Amino acid sequence: MASVIGLVKRVKNASNPPAVTGNGTPLKFGILGAAKIAPPALISPAKNHPETEVYAVAARDIRKAEDFAKKYGIKKWYGGQRGYQDLLDDPEINVIYNPLPNGLHYEWTMKALAAGKHVLVEKPSGDVAEETRRMFEFANQKGLVLLEAFHYKFHPAMQRVKEIIDSGELGTLKEIHAALCIPQGIVGQDDIRMNYDIGGGALMDCGCYTLSCVRYLAKSDPTAVVTASAVKFPKDSRIDTATSAELLFPPSNPGGEPVKATIKCDLSANQFGFLPRWSDLYVLAECERGSVKLFNFPMPTIFHTITVSPTGGKTRTEKAYKFPPSSGFKGEDWWTTYRYQLEAFVDRVKGRTPTSWMSAEDSIANMEWIEKIYDATGLGPRPQSTFEFPTTA
C-alpha cells in the first residue's frame, strides 16, 4: 500500500510541481515549437527551479503559439514565417530549448548559438554525426553551453546502476542488454517519427537511448556492429519501425573477452497478449559474478526497480528516486529525469559542477554509431540537413 501511495505522490508532484521562490535573475528559456514534449521536459521542471523561467515560445502558426503560451503561463509568443528567428533575436532570452523534428535540430541549434544563446537540444542532436560535431564545435567557439537531452543519465536510478557496476561488487562486465519498446498504437503512421526526410525512424527515436545507455555503462564506444536488422515501415521502406543490433565493446580487463551488447527498439511493439507486458523497457548488465537490471530506465520516477542478483547469493531489489543525503546532491523523490537534467544544465551555465553530464564527445560518438548501425541494417543514415551555415557567423 505504501508503494502505491508513494507512486501517486510522485506522479502528482511531477506533473504539477510545487512552485519555488526565484533566486536572483532567472535564466529565461525560449522554446522553438509548441511541441508535446515541452511541458514534461522543460515547462513543469522549470516551475520548480528557482533560477529558471520559461519566458517565450515560437510556432509557425501564431495562434498555436498564443494558445500554447496562455495554457502554460508563458509571457511571450512568436509566430509566422519569422517566428523562430524572432524568438532567437529576443534579447531577454538566455537559453533556447529545441524540441523540433530531428531534421531541424542542426539548423535551429546553429542559429540559436549564432544568436548567443545556450541550447538544450532534444535527442538525437542531429541527423548525422557531422551535424553534431559542427554544433558542438560552434558552441565551444562561442563559449556557450550545448546539451543533448539524454535525460535518463541524470536520474539517481541510472547513477546507482553505474555505481554498482563500477564498484566491482559483481566482478568485471561481460554483457549489456538494453531495450526500449513503445506499445503499438501510440506512434501513429502519420507521426513525424515516421518521416524519413526529417530524420525519422525507431533507431533515431527510442533506439538512440538504448545505444547511449550501453555505451554509458560500458564506459567506452563499441568496436564493431556484429549484426543489425530492421523492420521496415510499409509506407516507406527507408524508415525502421524497429531495430535490433549486437555490438562488441573493448574487454573490461586487458586481454579479456570483448564485452557483448545488444540493443532493441520498437515504435510499434505488440505488448498485449493474454496479459499486458512491459518487459522491454530495461537495461541489464551481466558481470562475472552476477547481474544488475534496471527496469524502466527512461522514466524511473513513475516506478523502477534495480534488481541485483549475485551468483550464488541472495537477490536484492533497490530503488533510487533521489541521491543519498551523504552525496550532497539535490533532488526529491518526485523529481523526474527532466528535472534532474535541468538542474545539471543550469549548474553548467552558472559555472557550477553538475552531478552528471553528456559531453560533446559522447553526443558525437552516439551519432557515429547510429550511422554505423543504420549502415549494417542496409537502410543507411538519415539525410543530412540542406541548411548551410554561414562561415562568417
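**Close-up views of a predicted model**

Figure 1. Asn-98 belongs to strand β4, which spans residues 95-98. The model shown here and in the following views is predicted. Asn-98 has a relative accessibility of 0% and therefore counts as buried. The side chain of Asn-98 takes part in a polar contact with the side chain of Thr-109, at 3.1 Å. The Asn-98 side chain also reaches a backbone atom, the nitrogen of Leu-100, at 3.1 Å. When residues up to four places away in sequence are not counted, Asn-98 touches Leu-32, Leu-104, His-105, Trp-108, Thr-109, Leu-120, Val-121 and Glu-122.

**Figure 2. Lys-123 and the cis peptide bond to Pro-124.** Lys-123 is placed in the loop that runs between β5 (118-121) and α6 (129-142), and Pro-124 lies in the loop between β5 and α6 as well. The peptide bond joining Lys-123 and Pro-124 is cis, with omega at about -10 degrees. Is Lys-123 buried or exposed? With a relative accessible area of 9%, Lys-123 is buried. The side chain of Lys-123 reaches the backbone oxygen of Asp-205 at 3.5 Å. Apart from neighbours within four places in sequence, the residues in contact with Lys-123 are Asn-102, His-105, Glu-148, Ala-149, Phe-150, Asp-205, Cys-208 and Tyr-209.

**Figure 3. Helix α2 and its packing against helix α9.** Two packed helices are described by the angle between their axes and the distance between the axes. Helix α2 covers residues 38-47 and helix α9 covers residues 337-349; their axes are 8 Å apart and form an angle of about 65 degrees. The helices α2 and α9 are therefore roughly perpendicular to each other. The crossing in which α2 passes α9 is right-handed. On the α2 side, the contact is made by Pro-40, Ala-41, Leu-42, Pro-45 and Ala-46, and on the α9 side by Tyr-338, Arg-339 and Leu-342. Sorted by class, the contact of α2 with α9 comprises seven nonpolar residues, one charged residue and no polar residues. Of the ten residues of α2, eight are buried, so the helix is largely enclosed by the rest of the structure. These buried residues of α2 are Ala-38, Pro-39, Ala-41, Leu-42, Ile-43, Ser-44, Pro-45 and Ala-46.

**Figure 4. The crossing of helices α8 and α10.** The axes of α8 and of helix α10, which covers residues 360-377, come within 10 Å and cross at roughly 120 degrees. Helix α8 passes α10 in a right-handed crossing. Helix α8 contributes Leu-203, Met-204, Cys-208, Leu-211, Ser-212 and Arg-215 to the contact, while α10 contributes Asp-362, Ala-365, Asn-366, Met-367, Trp-369, Ile-370, Ile-373 and Tyr-374. By class, ten nonpolar, two polar and two charged residues make up the contact of α8 with α10. Among the α8 residues in this contact is Cys-208, which is also one of the residues in contact with Lys-123.

Figure 5. Asp-333 is found in the loop between β14 (316-318) and α9. How exposed is this residue, and which residues does Asp-333 touch? Asp-333 is partly exposed, its relative accessible area being 35%. Not counting residues up to four places away in sequence, Asp-333 touches Arg-10, Thr-301, Tyr-321 and Lys-322. Asp-333 and Ile-302 are separated by 31 residues in sequence and by 9.9 Å in space, taken from C-alpha to C-alpha.

Figure 6. Lys-219 is a residue other than glycine with a positive phi, near 60 degrees. Lys-219 sits in the loop between α8 (203-218) and β8 (224-233). At 56% relative accessibility, Lys-219 counts as exposed. Asn-296, although not a glycine, likewise has a positive phi, of about 70 degrees. The loop that holds Asn-296 runs between β12 (290-295) and β13 (305-310). Asn-296 has a relative accessible area of 6% and is buried, whereas Lys-219 is exposed.

Note on methods
Residues numbered from 1 in each chain as written. Predicted model: local features only at pLDDT ≥ 70, side-chain atom pairs only at ≥ 80, totals over all residues. Heavy atoms only, no water. Axes fitted to C-alpha atoms, helices over the stretch in contact; angles between N-to-C directions. Helix = DSSP H or I, 4+ residues; strand = E, 2+ residues; numbered from the N terminus. Parallel < 35°, antiparallel > 145°, perpendicular 65-115°, else oblique. Left-handed = near helix turned anticlockwise from the far one by under 90°. Contact = heavy atoms within 4.5 Å. Nonpolar A, V, L, I, M, F, W, Y, C, P; charged D, E, K, R; others polar. Buried < 20%, exposed > 50% of the residue type's maximum accessible area, 1.4 Å probe, protein only. Polar contact = N/O pair within 3.5 Å; in protein donor to acceptor, adjacent residues only side chain to side chain.
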